[in-house]
Amino acid sequence: RPDLEEQKAVLISQMNGFKIKTKELEDGILEQLANAEGDILENIALIENLEDSKRVALEIGEKAKIAAVTEIEINAAREMYRRVAARGSLMFFLLATLNKVHTFYHFSLASFNAIVERAITGRRGKLVWNEEAVMSAMAPAKLKRALLDEAAERKKVVLADEPEVFEARMNFLVDNITFKVFDATRRGLLERHKLILATQLLLKVMAKAGELDSAESEYLTSGRSSMSPPQMTAKVQEFLTAKQWANACALKEVDAFKNLCEDLELGTDAWSEWLEFERPETENLPGEWEKRCTPFQKLLVLRALRTDRVTTSLTKFIENRLGARYTQQEPFDMEDTFNDSSYKQPLFFVLFPGVDPGVAIERLGRQLGF
C-alpha cells in the first residue's frame, strides 16, 4: 500500500503547515495589538485584520480535525500490515547474523528490499522494447496517478467488505516473503550452512510466536555438557558413554528435564532399548516422556543422547513446521537466477576447484541472443 505512505507524508506536511500558519497568525495579532494607536474598538483596519485572522484560524481548526481523523484511519490501515512488516524485519536481521556463520556472508539492505518487493509484487519481466512498452513508459503522470488511485480504492473495498480475502492476502505475503528471502539467501550459501539457516529461521519464527523457551533453544544450538557430572551407576554405564551422561546432566537445567538423569538410572532397560534403535526419532520415548515432551523437546533428548540423529530429526522437524521446500532445494537454474538479477544487482560467481559456471553462462547467453 504505497498510497498509505504517500497519504501519511502529505498529512504530516499539512499538519506542520497548520501549526506554522497558526503561529504566524498569533504573532501577527499580538504585533497589531502592540502597535495599535488610540481606541482599538474604533480601529477599523485592526478589527478587519482580527476578523480575517479568526476566519483563517477557524478554517485551520476544521482542517486539523479532519486531518486528525484521517491520520487515525491511515494508522489503523497501516497497522493491519504490521504482521508482514514484522516478518520482513525478522528476515533481514536473520541475514545480518549470517556473517557469524562465515565471514563471506554479507547482505545489503538494497538487495534485501529488492527480494521483498519481488515477493510482494511478483517477479518483473525483462524490459521489452516494443511500441506498447514505450507508450506505457511515456504515459502521462496524471494517468499513472489515476491508475494507482484506482488500485488503492480496490484494496480499500477488499479491506472493508472482504476481511477474509485480506487475511488470506496477509498470510500469503508473510509466507511468500519468508520463503523468497530464504531461497535467495540459500542460493549463495555453502551446502553445509543451509540447514543452519533453516534452523535459525525456524527458531526465530517460533520465538516470535511465543512457542519457544529460551533455555530449550540455547541447549539445541549449543549442545553443552556438564563439566562435573555426578558419578554414573554401574547399570547406566552399560548403555551410556561418559559424554552422553554429561549431556544429560546439562539438559537437567531445562525445566522440562529436571528428572531426566534420575529416570535414566531407574529405567535403564527402557532407555537402553530406545537408544539401540536405528532411528530412535521415529520411536516413542521411554515411559511418560513421550506424553510429556513436545516434538521440539524430543529434539533435545536426541541432542543429548543420540547426536548422530539430530541432523535427520531436525530436518524432519523443519519440514513439518515450515514445509519441505525449506530443506529440499531445486537444482541450480542459471536462467531462473538470471531473471532475479538486474543492472543494479548483477550476478557474482565464486569459483571453487571443480566448479565452472562458464558453460551454463554461455548457453544462457546464446538463448538470449548475445
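Start at the largest pocket, with a volume of about 1,400 Å³. A pocket here is an open set of points on a 1 Å grid over the protein atoms alone, where a 1.4 Å probe fits, with protein on both sides within 12 Å along at least five of seven lines. Its volume is the space filled by probe spheres set on the points. This is a predicted model: local features need pLDDT of at least 70, side-chain atom pairs count only at pLDDT 80 or more, and totals for chains, interfaces and linings use all residues. Residues are numbered from 1 along each chain as its sequence is written, and side-chain values use heavy atoms, without hydrogens and water.

Select Ala184, Arg187, Gly188, Leu189 and Phe348. Of the 38 lining residues, these are the closest to the centre of the largest pocket. Lining means an atom within 4 Å of a point. By class, the lining holds 21 nonpolar, nine polar and eight charged residues. Ala, Val, Leu, Ile, Met, Phe, Trp, Tyr, Cys and Pro count as nonpolar; Asp, Glu, Lys and Arg as charged; the others, Gly among them, as polar.

Now colour helix 4 (109–121), helix 7 (163–186) and helix 17 (334–339); each supplies at least two lining residues. Helix 4 gives the most, with four. Helices are DSSP runs (H or I, at least four residues), numbered from the N terminus.

Next, go to helix 8 (residues 194–208) and helix 16 (residues 310–321). Their axes lie 11 Å apart, at an angle of about 50°. Axes are lines fitted to C-alpha atoms over the stretch in contact, and angles run from 0 to 180 degrees between N-to-C directions. Helix 8 and helix 16 are therefore oblique to each other; angles under 35 degrees count as roughly parallel, over 145 as roughly antiparallel, 65 to 115 as roughly perpendicular and the rest as oblique. Show Leu195, Ala198, Thr199, Leu202 and Met206 in helix 8; they meet Thr311, Leu314, Thr315, Phe317, Ile318 and Arg321 in helix 16. Contact means heavy atoms within 4.5 Å. This contact has seven nonpolar, three polar and one charged residues.

Ala86, Arg87, Leu90, Met91 and Leu94 in helix 3 meet Leu197, Gln200, Leu201, Lys204, Val205 and Lys208 in helix 8. Here the classes are seven nonpolar, one polar and three charged.

Last stop: helix 13 (residues 268–275) and helix 15 (residues 295–305), packed at about 85° with axes 12 Å apart. They are therefore roughly perpendicular. Select Trp271, Trp274 and Leu275 in helix 13, which meet Val301, Leu302 and Leu305 in helix 15. The contact has six nonpolar, no polar and no charged residues.
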